[in-house]
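Please read this briefing alongside the sequence and the structure shown below. It begins with a single residue and then goes through the topics one by one.

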Amino acid sequence: MLQLAAQGRLFQRSRVYILNLAGGPDSQSQLPPSDPEAEPARAAAAQGEQQLGFSRFQAPSAAQVLPYKMKQDATRNAAYTVDCEDYVHVVEFNPFESGDSGNLIAYGGNNFVFVGTCTFQEEEADVEGIQYKTLRTFHHGVRVDGIAWSPETRLDSLPPVIKFCTSAADMKIRLFTSDLQDKNEYKVLEGHSDFINGLVFDPREGQEIASVSDDHTCRIWNLEGIQTAHFVLHSPGMSVCWHPEETFKLMVAEKNGTIRFYDLLAQQAILSLESEQMPLMSAHWCLKNTFKVGAVAGNDWLIWDITRSSYPQDKRPVHMDRACLFRWSTVNENLFATTGYPGKMMSQFQIHHLGHPQVPAIQQKRTVAFLNQFVVHTVQFLNRFSTVCEEKLADLSLRIQQIETTLNILDAKLSSIPGLDDVTFEVSPVNVTRITNGTHSEATSEQSQQNSLQDSGPQESEVTPENILTVAKDPRYARYLKMVQVGVPVMAIRNKMISEGLDPDLLERPDAPVPDGEGEKNTEESSDSESSFSD
């Protein structure tokens, strides 16, 4: 699970937005715009801190250490907020193992640093959503610009150890140490002559601190406040990062678009990367693949593979109002997050995955316009389709009526032929072939079986051929056999015979005897019948 935090200011009250990104990559959240009145001049803040001159921390109130269930923001996907009395300028999760089931988080305002724990539902079964608890409030006396956690921070030790450092508007670094009880101290590290843009602890031992500043320097400090190394940069330093495994290597990102790698043992640069665009605001070393480096410059994010080229292998525009921060996930080398520049109206917090191409979000007005256009085109298509179907059905109905009229006319013409009822049909192999269409062999087989049965019977049961009424001699069937000769469609003849109660299969066996054998009666019935053919 990837957990990230972002800061925002709204209506004279600050909020910390904590996003649980278990829902998947390629998501985004819009942060509220900053209040311009909440940004006092850095010089005035530095002067105020000098006048206060605090050297000890302020103990938290009882209400601040009670567990607090975060409310979920309905306008964001899996986002939770903590309302604060002070403005929030920086938020930082502890990236190191602290020995507790919760996640240490610290955020800084104009005068205080708040340290607490966040427990997510995935970590504790009895937690609903997310639970936050403030551990300690540290008086800072001046605006907090940056926070860096020490790997020495442990909550499972006796006593607990809380150690972190901050950069402030007075261009000083403060190293805080606390046991959450009586020991609450801080030490001031001075040396930078301009605003400090980034600082980080040595990730292995936590015995050194690296910082970069607008004074074009990168400085390395020990915990006693003594500088152990000093590098002059070509432009303001924007971010600094230790190598996750080889702690003698340091990466420094400069505002002019150059990222340099330094060897702390030799105290010289060993490699550089070029972004070819300005301003470069943030860079980060991938914790799962140390050959990958990511950064944001201008409106784009950029990815380097330092084994292949000094130029980025992949870059993509992501923020309309300039990007500000880049962070890799601690569990996936393809997952990272970026934020827009604070104070912009479209300052967004976005999650990216290198295996999932991300398309910039479409504005709401364009989305509505696309939906309206889709609905209009769909309705027009359905209207055209229904009109064409109706025209086709009307044409088909007209053709059916024409066919019925033609069949009625043909029936009337056949009925007007004199002597058609008294016609006898002469059987010939050609006519039989035309009628049966290949089934004459079956009829002949059936007739042969009948003849064999008649021959095998007693002689006294034999009937002379002159006394048998065949289909060809029956006036009812003879007229239909004559129609076959003149070319009337066979299907029309069969339908007409079915309508008059005759067996149409007898057309295929003209020599077969009439089933009922009542010739005279059939003749009288057939002479009075009228025909009309229909398909």
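Is phenylalanine 326 buried or exposed? Phenylalanine 326 is buried, because its relative accessible area is 0%, where buried means under 20% relative accessible area, exposed means over 50%, and partly exposed lies in between, with a 1.4 Å probe and protein chains only.

This is a predicted model, in which local features need pLDDT of at least 70 and side-chain atom pairs count only at pLDDT 80 or more, while totals for chains, interfaces and linings use all residues. Residues are numbered from 1 along each chain as its sequence is written, and side-chain values use heavy atoms, with hydrogens and water left out.

**The chain as a whole**

- The secondary structure of the protein chain comes to eight helices and 29 strands, these being DSSP runs numbered from the N terminus, with helices (H or I) of at least four residues and strands (E) of at least two.
- Of the 535 residues in the protein chain, 44% are buried.
- Contact means heavy atoms within 4.5 Å, and among contacts between residues at least 6 apart in sequence, 53% join residues at least 24 apart.

**A four-stranded sheet**

- Four strands form an open sheet with antiparallel pairing, in the order β23-β24-β25-β26, where two strands pair if DSSP finds at least two bridges between them.
- The edges are taken by β23 (280-285) and β26 (314-317), and each has a single partner strand, so one side of each is left without a neighbour in the sheet.
- Neighbouring strands of this sheet are turned by 15 degrees against each other on average, direction ignored; the axes are lines fitted to C-alpha atoms, for helices over the stretch in contact, and angles run from 0 to 180 degrees between N-to-C directions.
- Strand β23 runs antiparallel to β24 (residues 292-297) and is joined to β24 by five bridges, and histidine 284 has glycine 294 in β24 as its bridge partner.

**Aromatic pairs**

- A pair of aromatic rings is described by the distance of the centres and the angle of the planes.
- A search of the whole structure finds 14 aromatic pairs; rings of Phe, Tyr and Trp (its six-membered ring) pair if their centres lie within 6.5 Å, and planes under 30 degrees apart count as stacked, over 60 as edge-to-face and the rest as tilted.
- Tryptophan 301 and phenylalanine 336 form an edge-to-face pair, at 5.0 Å centre to centre and with 70 degrees between the planes.
- This pair links distant parts of the chain, since tryptophan 301 belongs to strand β25 (residues 300-305) and phenylalanine 336 to strand β28 (residues 335-340), 35 residues apart; both tryptophan 301 and phenylalanine 336 are buried.
- Phenylalanine 326 and tryptophan 328 have ring centres 5.4 Å apart and planes at 75 degrees, so this pair is edge-to-face, and tryptophan 328 counts as buried because its relative accessibility is 4%.
- A cluster of Phe138, Trp149, Phe164, Phe176 and Tyr186 is linked by ring pairs.

**Salt bridges**

- Side chains of opposite charge can pair when their charged atoms come close.
- The count comes to 15 salt bridges, each being a side-chain nitrogen of Lys or Arg within 4 Å of a carboxyl oxygen of Asp or Glu.
- One of them joins arginine 174 to aspartate 170 at 2.6 Å, N to O, and both of these residues are buried.
- Aspartate 215 and arginine 219 form another, with their closest N and O atoms 3.8 Å apart, and both are buried.
- Arginine 476 and aspartate 474 meet at 3.2 Å, N to O, and both are likewise buried.
- Salt bridges that share partners join Arg494, Asp505 and Glu508 into one network.

**Two loop residues**

- Serine 235 is found in the loop between β18 (227-232) and β19 (237-242), and serine 235 counts as buried because its relative accessibility is 7%.
- Leaving aside neighbours within four places in sequence, serine 235 is in contact with His216, Glu254, Lys255 and Asn256.
- The side chain of serine 235 reaches the backbone nitrogen of asparagine 256 at 3.2 Å, and a polar atom of this side chain lies 3.3 Å from the backbone nitrogen of lysine 255.
- Phenylalanine 96 is found in the loop between β7 (90-93) and β8 (103-108), and phenylalanine 96 is partly exposed, with a relative accessible area of 23%.
- Leaving aside neighbours within four places in sequence, phenylalanine 96 is in contact with Trp149, Ser150, Pro151 and Pro203.

Terms used:
Polar contact = N/O pair within 3.5 Å; in protein donor to acceptor, adjacent residues only side chain to side chain.
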